[in-house]
Amino acid sequence: MIQDIYPRIFSNKYEKKKAKPKDLFLSYNGDTVLVREDKDKLWYPSFSDFEKDYPNLINNAQFLFTIDDINYYLANENGLDSAEGWTYVSTGRFRTEIKYWRSFAGAVGWQLNRWYGNHHYCSKCGKPMRLSEKERMLYCESCGFQAYPTISPCVIVAVHNGDKLLLTKYAGRGTNRYALIAGFAEIGESLEQTVHREVEEEVGLKVKNLRFYKSQPWPFTDTLLAGFYAELDGDDTITLEEEELALGVWLNREDIPPADLNISLTGEMMEMFRTKAVEL
Ligand SMILES: [Zn+2]
């Protein structure tokens with residue numbers, strides 16, 4: 001999965017440290033990220049690449065995290081893509097780029113970029129928010145309100161019935177990929193209750209014998225995914241929630257298309273079922 005970057009080590013330990021010229025920075029413009037493309041790979045800029053034309057970039061940078069001994073910062077100024085070789089490309093590339101550790105860095109940075117960008121002002125009293133020196137937190141000096149990065153819990157459910165797996169396709173998205181049942185935990189709910197509710201809402205089925213599989217940080221949607229296998233309980237007739245889903249279908253193992261193990265929990269769970277690598 002995208003977060004599995006071993007032998008590289010991702011560290012989210014927060015430090016308020018000043019950037020050095022060799023440190024890398026991530027710069028976003030909406031849903032695009034500044035990169036240099038070389039040999040079909042994405043490369044992120046270091047401050048030294050821009051120090052001549054943008055001497056203040058390094059002083060205004062926000063520390064994000066480290067991967068091995070590489071520090072990543074958030075920095076932005078208008079016109080960075082006018083420098084030769086640098087361009088803004090879609091963050092969708094993080095899902096297809098072959099060097100996953102770099103994609104993971106870009107995706108987590110993008111989540112933090114959204115969080116910082118959405119918290120310039122206190123949501124309680126409206127005064128400007130300030131950066132904590134000690135942790136990844138923003139606070140309001142006026143009323144004491146604190147804000148931490150937004151992470152929403154969400155479930156992924158692989159509903160199975162003997163040798164069949166329930167696969168779906170989303171309505172109104174630019175992708176034709178098969179998906180599993182998925183949805184956000186709502187107020188007052190356990191993850192298990194979310195599983196039962198989402199399966200019933202999206203395909204009108206009942207499930208039993210829930211088995212937690214793995215979790216995955218999914219920075220693209222500020223979510224933390226919890227993957228469950230769940231056995232069909234009773235009638236297998238699918239009643240599709242058509243606003244959300246374009247397709248819901250039972251597929252036999254041999255008809256399930258192979259999925260990439262390197263990106264999403266959904267893909268891994270489908271592949272584990274298809275290859276009988278998970279005992280249910
Ligand atoms: Zn406030």
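Trainee: Is L261 buried, exposed or partly exposed, and why?
Mentor: First, this is a predicted model, where local features need pLDDT of at least 70, side-chain atom pairs count only at pLDDT 80 or more, and totals for chains, interfaces and linings use all residues. Residues are numbered from 1 along each chain as its sequence is written. Buried takes 20 or more other C-beta atoms within 10 Å of a residue's own, exposed takes 12 or fewer, and partly exposed is in between, with C-beta atoms placed from the backbone. L261 has 14 C-beta neighbours inside 10 Å, so L261 counts as partly exposed.

Trainee: Leaving aside neighbours within four places in sequence, which residues is L261 in contact with?
Mentor: L261 sits in the loop between β17 (245-252) and α4 (265-274). Those labels are DSSP runs numbered from the N terminus: helices are H or I with at least four residues, strands are E with at least two. Contact asks for C-beta atoms, placed from the backbone, within 7 Å. With the neighbours within four places set aside, the contacts of L261 are G267, E268 and E271.

Trainee: What do the buried residues of α4 pack against?
Mentor: α4 is mostly covered, with eight of its 10 residues buried. Among them are L265, M269 and F273. The buried residues of α4 pack against β12 (152-161), β13 (164-170), β15 (207-218) and β16 (223-232).

Trainee: How many bridges pair β12 with β16?
Mentor: Seven of the 10 residues of β12 are buried, so β12 is largely enclosed by the rest of the structure. Two strands pair if DSSP finds at least two bridges between them. S152 has T223 in β16 as its bridge partner. β12 and β16 run in the parallel sense, and their bridges number nine.

Trainee: Which strands stand at the edges of the open sheet of three strands?
Mentor: The order of that sheet is β9-β10-β11, with antiparallel pairing. Each edge strand has a single partner strand, so one side of each is left without a neighbour in the sheet: these are β9 (130-131) and β11 (146-147).

Terms used:
Two residues are in contact if their C-beta atoms, placed from the backbone, lie within 7 Å.
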